[in-house]
Every structure is written in C-alpha cells, then in structure tokens.
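This briefing concerns two interfaces, one within a chain and one between chains. Please consult the sequence and structure below alongside the points that follow.

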Amino acid sequence: METGSAGNTGKTAAAEGEPVWTGLPPGLLRMRRLLLVVWLGLLAVGLGLLLDLLAGPVWAAFALLPLALMAWGWVMLGHNWRSWRYAERADDLLISKGVLWREETVVPYGRMQLVEVTSGPVERHFGLASVQLHTAAAATDATIPGLDPAEAERLRDRLTELGEARSAGL
Amino acid sequence: MTAPGVDDAVREKPPVTERRLHPVTPLRRAWAPVAVLIGWAVHDPDQAQRQLTRLTTTTLLIALALLLPAAALYGFLTWWFTHFAVTDTELRIRTGLLFRRTAHIRLERIQAVDITQPLLARVAGVAKLKLDVVGADKKDELAFLGEREARALRAELLARAAGFAPETAHEVGEAPVRELLRTPARDLAISLVLTGATWGTLAAALVVPPLLWLATHSVWTVLATAVPLLGAAGASSVGRFVSEYDWTVGESPDGLRIDHGLLDRTHETVPPGRVQTVRIVEPLLWRRRGWVRVELDVAGSSNSVLVPVAPREVAEAVVARVLPGVTVPPASALSRPPRRAGRCVPVWWRGHGLAVTDTVFAARHGLLRRSLALVPHAKVQSVRLAQGPWERLWRVADVHVDTGANKTVTTRLRDAQEAAELLKRQAERSRTGRKGARPDRWMV
C-alpha cells in the first residue's frame, strides 16, 4: 500500500479513526427545490384554472393540494439532501444516504471497475455533476449526486488513481 | 530457439491458424427458417390453418423447393464465414455474412468453460463449446465442433489460461480428474419426490385447467394455461431428473469439473478461484435424511448447481475443495438476531443467522427451507448497511454483501450496533482477504 499514500499522509491519519464526512454542496438542493416549485406551481395553477372554469370557484380550492404537497416536498428535500454524505478513507469510499430508509455503502477502491461522471442538461445548467462507481457487482449502488463539476473531476481522478494502485478485480 | 529478442520479434505476427466449425453445423443453421415458420404457426394457429387450406399441393411443393435450398444456402454460408482462432492471449471468433462481427475473448478472464452435447449432437458426435466470460453473449459459443476436437480445444484453452507457455500449451493435454462425488439416480429421484415445488407445480397443472374450463368453457383459454403449467410441472420433475442425472463433480488441476445429463450431456470446468458464492440449501423434507443441495455462482455462467443432492458431510467436503481453506460453519456457530427482531419479521426471524470466520461471510435464512450462503471475503465487491424506519425503531439493521456474480448475500435483522461494526469489519476483511488469493493464471 505504498502507492498513493505519500501525498495524503495527513488525510490517511485522520481516516484511521472516524471517517471525515463531506456533505453535498447546496446547489443540488437549490435545483431540486426549484424544480419542485416550478412543476407543482404549474400544476396548481393549471388545476385551479381548470376547476374554476368547469366546476366553479369552490372546487378550485382543490388547487391548494399541490401547494401543500410543495411545502411538504420542500422540507423533505431538505432532509434528504442533508442525509447524503460521503467520506474518502485510506482504502475505501463510504457513502451514506436516506432519511427513513437509511443506507450506508462501503466500496473498497480496489474493486472499482469504472468511475463515471454524468451531468444531464438540467444539472449542467445548474453547474452540477454526479459521480458513479461501478464494481463487478451490479447491485453496488454507489452514486454521489449533485457535486461541483471540479470536485466531481477531482474525485474521479483520485478514485481512478487509488483504484489502479489497489486493483483486485473479480 | 534463438535469442529471446529475435523470438519475440518473430512472434509479433504469429501465423494464427483460423479454423472452421464442424461440417454438420450448416444442418443446424438450416433449421432457422423452418423454426420461424413453426413459430408463426404456433403463435397464430387460426391464421396458419386458413392459409394452409388455401394452398394447393403444387404451390406447397414449389415453396418447399425454393425454401429448402435457400435454407441450405444460408446455413452453408454462415458456416463458411465463421472462423475461430486461438492466439496467445485470446480466443477470436469471426462471424457474419453481411454484418461482420469479431468477438475477442481474453483467456485470463475465463470464468468457466462448458462443453454441451444435446441429444442429436451426441448422435452426430459433435459438441458445443462455450467460454463463460463476464458479459459474454449467447452468440459467442462454438457450435458445433467434433467431440474430440472440442475436448482438445478445451484442454488447450485451459492450459493457456492457466499460464503455460504458448509453445507447450498444445501438448499439455487434459488434466487428470479425481472424482469427488457422483449422485446415484435413486437418491436423485427420491430427492425430487421430496421436493415441494415438484408437487406444487403438478397440483397446479391438474387443478387450474379444469377450474378454468368450468368458468369459461373456452378451449383456447384452457389450452393456453394448461400447456405452460404442464410444461412447468414436467420441467421441475422429469426435466430436472433428466438434466441432473449422473451428476459428477471432479477435481483437477484445471479446477472443478461438473458433468451431468441423461440425454443432453454437459461438461463444465470452473478454473480455481472463480467461485463467487456457494449456497447450501436444505429443504424441509430432506432434513430427516440429512440431505442438502449445493448451489454456486460463477460470474457469467448460467449453471448454478454444484451438487443436486448429497448427504451433508459429503457436500461440506465438496465445498471445502471448491473454496480452499473454508470450513462450513456448523449450525451452532451461527448467531441469531436479537429477540426484538421478532417485531419486524414475526416467526421467521428465527431462521436468520450469521457467522463470520477468517475466510467466509456465512448468512443463513429460511425457517422451513434453510439456505446458508457462503461468500469468501476475497470475493466481496461492496458492503451495504440498510435500515428502514420500522427496523430503526427496534434498533436492528440489514447488511448486504455484493459479489461479482451479481448475487447479493444479505444478513437480516442484526442489532444496529453490531451491524455498524460488521460493516466496518467486513470492508476491512474484503480488502485484506484478497492478499492470499491465487492469481488469475493459476499455474503461474
């Protein structure tokens, strides 16, 4: 394990004990909330107009339903965003996520087959990118969404480098 | 043998001899258009019958006279344009008449080698050879080769994959096999009689069609359900007997040999270190006899049975040969989830158990049909801890261990603290467990 440890001795020492967790940048939360507000807002307006025209103004009150959903979603997205975090340890990557259904994944660097950085059109507009790790097991679900593109690239390079140094395959 | 440099330079462009498949292959390929026609007729019988009555004998004869040579030509051409070659590092298969396709299969990535002989192929003295590689296609099998040629090719491929020098790989020949286990036909028959699934499918096949007849009085509905049901019943009883007949497990320097089949013979070779998980399954009715079934997972291989039925001690001895250095933890060594896990999974929580030794992660589940899954630490790809809201309330959690054969082994309902510890330790173990593992080229 000589390779790769020279440049980050300080980090390795910290990683021996408790992992150093990193949260997601706030950009992802902003994007998700904006999308939520836009879609549910449109739905509320559309529903309100439709009910007003077809069934009368009293029924239009049902348009408040999407608004309530929006408020609830707003809070939930916040919880979900806060629950996501990852830690780069000396030999493996930790990803922890989920509020009600919690999940914590450990992927040893040596088992990585491929690291993928993806960024869809909406994500690109908000300056976000996600990093996904693939191992030989399809069940491995190691995705870190909503990273800063520069951070995503740094992570990709570091993971590839560590993966090469500790490669183990099947 | 001159200086090594010169030798290397010469080997830069080796005279790779491309070979063709066995000449009976076109016959098999010629069936394709006929199969399409039959498929169409079965798919839409009414239409097919109407079309048939409209045809006169002459048109039928003309159609046959056109179709048969066309099919023969198609078969011949696909055969003529299919070549394969073994190079130092890979098996290369070139196929395709209009759309050329070349498959390069890297030999050190071989997970298993299968030789299968369907009944007709046995009569003709030919065999199919297939290399199991992660992500391999159905198309990448060599069908058909002469029986002796298939064996020689398998020996050569295994010798090269094992790391023998290319010059000597030809002469290494078949590795000697030591038989570990042979399943008697009587035991196999009894074990199938004692399997619930056999009776379940049979009962469904006998009960459902008459009920449907009473309800609908439509021949087609009844036929459409009865045929698949009877098929399933046949496959789970007679079909299993025929395919698992004379099951032989052997050990050779090339790895594990599994031979089986009454009508269709299959010979599988799994090189050392390719087994990802092993499961020991114990159905309820087998327990009195002390029998177990052993299943295994190899990445890219379709076969999942190692031993169809055997006494527990014999099966454990085989498992010890398959996963070197592993002893199957006895039932007493498995720790149960805490009592409060009963609030999450009533009654069945008792079936869950976990044992972690120096070499394997062993998780059991099932109360009536017990299944103990073993994963060597070196084969763990990633570890996950999952906890739902109800599980959190009772402070329990599940730990999933993912392996390379796309199988996930789960130990459920562990104490939350213990699960967190397990996650940490298992990640550590799977990282270090690799050190003692054998290289991909196992003879080096």
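In this predicted model, the centres of domain 1 of chain A and domain 2 of chain A, taken over C-alpha atoms, lie 35 Å apart. Domain 1 comprises 9–18 + 85–165 of chain A, and domain 2 comprises 31–79. Chain A is also in contact with chain B, through 23 residues of chain A and 28 residues of chain B.

**Between the domains of chain A**

- Contact involves 6 residues of domain 1 and 5 residues of domain 2.
- The two domains bury about 410 Å² between them, with 91% of it on carbon and sulfur atoms.
- Val99(A), Val122(A) and Phe126(A) supply 73% of the area that domain 1 buries against domain 2, more than any other three residues.
- The side of domain 1 that touches domain 2 has 5 nonpolar residues, no polar residues and 1 charged residue.
- This interface has 0 salt bridges and 0 residue pairs in polar contact.

**Between chain B and chain A**

- About 2,200 Å² is buried between the chains, and carbon and sulfur atoms give 50% of this area.
- The rule finds 10 residue pairs in polar contact across the interface.
- Strand 18 of chain B provides 8 residues, the largest share of the side of chain B that touches chain A.
- That side of chain B consists of 10 nonpolar, 11 polar and 7 charged residues.

**Strand pairing and the salt bridge**

- Strand 4 (residues 102–108) of chain A pairs with strand 18 of chain B in the antiparallel sense, over 5 bridges.
- Glu103(A) has Ala386(B), in strand 18 of chain B, as its bridge partner.
- Glu103(A) also forms a salt bridge with Arg384(B), with the closest N and O atoms 3.6 Å apart; the count between the two chains is 1 salt bridge.

Methods:
Residues numbered from 1 in each chain as written. Chains lettered and ligands numbered in written order. Predicted model: local features only at pLDDT ≥ 70, side-chain atom pairs only at ≥ 80, totals over all residues. Heavy atoms only, no water. Domains from an automatic or database assignment. Contact = heavy atoms within 4.5 Å. Buried area = accessible area lost by both parts, 1.4 Å probe. Salt bridge = Lys/Arg side-chain N within 4 Å of Asp/Glu carboxyl O. Polar contact = N/O pair within 3.5 Å; in protein donor to acceptor, adjacent residues only side chain to side chain. Nonpolar A, V, L, I, M, F, W, Y, C, P; charged D, E, K, R; others polar. Helix = DSSP H or I, 4+ residues; strand = E, 2+ residues; numbered from the N terminus. Pairing = 2+ DSSP bridges.
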